[in-house]
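Dear colleague,

I am handing over the structure below for your reference.

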Amino acid sequence: MAQRTERADALRNREAVLAAADALFAASSSPHTVSMDDIAAAAGVGKGTLFRRFGDRAGLIAAVIASRLEPLRQAVREARDRGEVPPRQQVRDLLDTALRFKIENRRLMSAAEDAGLSSPYQAEHYGWWHHNLCLALDRVPGVHGADFTAHALLAAIRADLVAHLIDDQKTEPEALRASLAAYLDNVLGAGPTGG
């Protein structure tokens, strides 16, 4: 019985830490200004709990990203399971969804890269996006090398590039989304959206 209480407490603490970190990161001008002490205090846990549960700042940022991505993952799985969307449109939808996520979370995503989460290509969420793009690209007529094409398309929406375009060059999000759609048409070649 005591073990179940510990597990419930650990789960509650994890959820409290993720919620506190998410709220603090969202409210800050930069995730770099949020300290582990700030997160621990907001979550009502000791700083040691953060390090035991997440390892370090990079691990905590990765966990926040994963929690923010989960609703998108579920929506992608449901759309794929329905099988109603043609492959070319699936690629467009996946990239647009990924770009919107990067726009909305650009500071957090940039902080993840800066926090030493190794190569962005080693991040679990990158592998997930890449895998799903490959599945769709494999079914688009005329696409050769889905693996490389997926990497190249994801490179077009790297967090640092998105932050630069939105924050430094003042590109409007809708203009960036339109540019990505045009780029995708160039990469995939002229063809019906359904093809």
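Read along the sequence, the protein follows the pattern α-α-α-α-α-α-α-α-α-α. In total there are 10 helices and 0 strands; helices (H or I, at least four residues) and strands (E, at least two) are DSSP runs, numbered from the N terminus.

Please note that this is a predicted model, in which local features need pLDDT of at least 70 and side-chain atom pairs count only at pLDDT 80 or more, while totals for chains, interfaces and linings use all residues. Residues are numbered from 1 along each chain as its sequence is written, and side-chain values use heavy atoms, with hydrogens and water left out.

Regarding overall dimensions, the C-alpha trace spans about 60 × 45 × 25 Å along its principal axes. Of the 195 residues in the protein, 40% are buried (under 20% relative accessible area, with a 1.4 Å probe and protein chains only). Among contacts (heavy atoms within 4.5 Å) between residues at least 6 apart in sequence, 73% join residues at least 24 apart.

Helix α5 (residues 87-104) packs against helix α10 (residues 173-188) at an angle of about 145°, and their axes are 10 Å apart. Here axes are lines fitted to C-alpha atoms, for helices over the stretch in contact, and angles run from 0 to 180 degrees between N-to-C directions. The residues making this contact include Val 91, Leu 95 and Leu 99 of α5, and Leu 176, Leu 180 and Leu 184 are among those of α10.

With kind regards

Note on methods
Buried means under 20% relative accessible area, exposed over 50%, partly exposed in between (1.4 Å probe, protein chains only).
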